[in-house]
Number of protein chains: 2
Amino acid sequence: MNMKGRMALILVCCLMAAAPAFAKTVKWNLAMTWNSTLTPLATPPVKLAKLVSDMTGGQFVIRVEGAEKHKAPLEILDMTKGGQYEMGHTASYYWKGKDATTAIFTTVPFGMNMAEQEAWLFYGGGMELMQKCYDKFGVYAFPGGNTGVQMGGWFRKEIKSVDDLKGLKMRIPSVAGEVFAKLGVNVTNIAPGELYTSLDRGTIDALEWVGPGMDIKMGFHKIAPYYYAGWHEPASDMQFLINKKAFDSLPPEFQAILKTAIQAVSADMFYDNFAQSAEAWSKMKTEFPNIKVMTFPEPVLQAMKKATDEVLNDYAAKDPLFKEVLESQKAFMAKGREWTKMSELYYLQQSEKVNK
Amino acid sequence: MNMKGRMALILVCCLMAAAPAFAKTVKWNLAMTWNSTLTPLATPPVKLAKLVSDMTGGQFVIRVEGAEKHKAPLEILDMTKGGQYEMGHTASYYWKGKDATTAIFTTVPFGMNMAEQEAWLFYGGGMELMQKCYDKFGVYAFPGGNTGVQMGGWFRKEIKSVDDLKGLKMRIPSVAGEVFAKLGVNVTNIAPGELYTSLDRGTIDALEWVGPGMDIKMGFHKIAPYYYAGWHEPASDMQFLINKKAFDSLPPEFQAILKTAIQAVSADMFYDNFAQSAEAWSKMKTEFPNIKVMTFPEPVLQAMKKATDEVLNDYAAKDPLFKEVLESQKAFMAKGREWTKMSELYYLQQSEKVNK
């Protein structure tokens, strides 16, 4: 073999040796419930894709697709299960119609706050229960960003009593929707991208969305200026869903990279949403003086609480896994809330007095 | 060249081609302020090391060393700066003696809660200011886990008035220590590993540590049964420090892996600590009935607040960067707290009423 031949052989076998690296390259698609512009809900998947690419030197690529493209915002679970998309970013309670238990992994009316809920998920058996619920769908489920306490929604008129709720057409999903239905509200769920139009056309009279950071950009206040404090979504968790076969076929390094990035971007969304809400809230009084910030009267809240317990207990009576999850949450919350009262609540109350 | 020769050549150049992968293997050392048993504070570095190894298939190895080994818990900054350890895990306020500004990246008495502080760090310019402060030490600084609201500490006797603080020997670090010093306390800082012995021997009469999850394991209640609610560390951030040269010499993938893992394990510590505190708190009444849970009287809190403002303003008058950071925090907190009151505080208060 001459020199040229040797050089060629070296080149060939160097390429061969390099091949496994290229063979590892993975390209995934991720579908979101949200339109791409719906930040900060739509932010974790975009950040995830960037981090995963950076951590693998571009060997693991995730293409993020917003609902404006796939047009199926409330079919993320099916599309991930079926493998059309390896991943989804959504909220678990959108699958209540398929399986009631999914609903209470997002949040529960009068339930845990963010610290309590994440502690329950990661250190109170919540993750294991969530996976037990999602095993039947052939997907892995991970917390995908928490909003903290959400606002109670936008109404055209003041709610002075439970009677004022009767006959109201409102977009409010999941358990809270059933609670309002019990109190006489005509409840509907509408995909995030169609909320403003529905309110504008009178398809609905009221809606809840997230909080000031996201709501004010949507323009709801122009039509429904009564903005109520929260009761129904004290700590809504978004969710990453991953097709099990796709995840299991990843090299272990990529599995670890994906899971770590999910946890990083999920924590990040909470900070991001808080910052946007704080900013929007501070501007609201001067820039949108027509917004009327309200709290529901205590008898209305009492009625909501009673209806919440009924809805949850009804599901628990019918579904053993729902019962198991609910009881796990209640037991954790009982302990967690006592500590929250001694730490966060006491501190905030005391600060109010001292900062006067 | 015969067949054997060709095979040998293929083998050699395959090894050459594979070499860059091995050349990339990085071994780092990380020193903690904490003893290895001091979970959950000591947990983020251990989890970080595991994640980084998993994500790189063992190519990036971080050896975590507790204070029981290196014996220099309060010299982490110097050891990271000097490169003896590529990384450290500590709390920023331990460097107040070197640079006052470092103190207020951990927490501030009567300052921001966790949500407000993390939002300020990641979305309010806090990270940039922290790096501006740490540039002079040749290290990168990252948030490394938040404790949430810490308890106000353990006292041998009840604090009924500001007079009861006078002459008290207490371990309480940073700004809160200076506040107590102004109120007549003999303040000292003691490394975490020596706290119980110091209290037991009467070197100190009182101390603050973290919260029930960590405190009860330390046994302080056996000596000082008055356990006071928090005012001075509403959201203490631990901190990862990284030697700049070491970080800059990492391949970009490893840099991204390290930063992402830091964010993941930091969020995780908050959940972990919350869960442990909730558990410990719920057991306290039955297992340790001698513990007397107390709140400082309002006049004492008012005196602490006044002294806090004096201490902070004194530093701000002397140090332009301290002033810049303090003003940035105050401006963010003013907005953030209004949103916290409408969301978290209102929700917790309302839940108390409804759950009665």
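Start by colouring the two chains apart: 68 residues of chain A are in contact with 69 residues of chain B, where contact means that the C-beta atoms of two residues, placed from the backbone, lie within 7 Å. Keep in mind that this is a predicted model, in which local features need pLDDT of at least 70, side-chain atom pairs count only at pLDDT 80 or more, and totals for chains, interfaces and linings use all residues. For your selections, residues are numbered from 1 along each chain as its sequence is written, and chains are lettered from A and ligands numbered from 1 in the order in which they are written.

Stay on the side of chain A that touches chain B. Helices 1 (3–23), 2 (43–55), 5 (114–123), 11 (252–287), 12 (298–318) and 13 (320–355) of chain A each supply at least two residues there. (Helices are DSSP runs of H or I with at least four residues, numbered from the N terminus.) Now pick helix 11 of chain A, which gives the most to this side, with 19 residues. Colour the side by class and you get 37 nonpolar, 19 polar and 12 charged residues. Here Ala, Val, Leu, Ile, Met, Phe, Trp, Tyr, Cys and Pro count as nonpolar, Asp, Glu, Lys and Arg as charged, and the others, Gly among them, as polar.

Next, look within chain A. Select domain 1 (26–147 + 235–275) and domain 2 (153–234 + 288–335), with bounds from an automatic or database domain assignment. Their centres, taken over C-alpha atoms, are 23 Å apart. The contact between them takes 34 residues from domain 1 of chain A and 29 residues from domain 2 of chain A.

Last stop: on the side of domain 1 of chain A that touches domain 2 of chain A, helix 6 (126–134) of chain A gives the most, with three residues.
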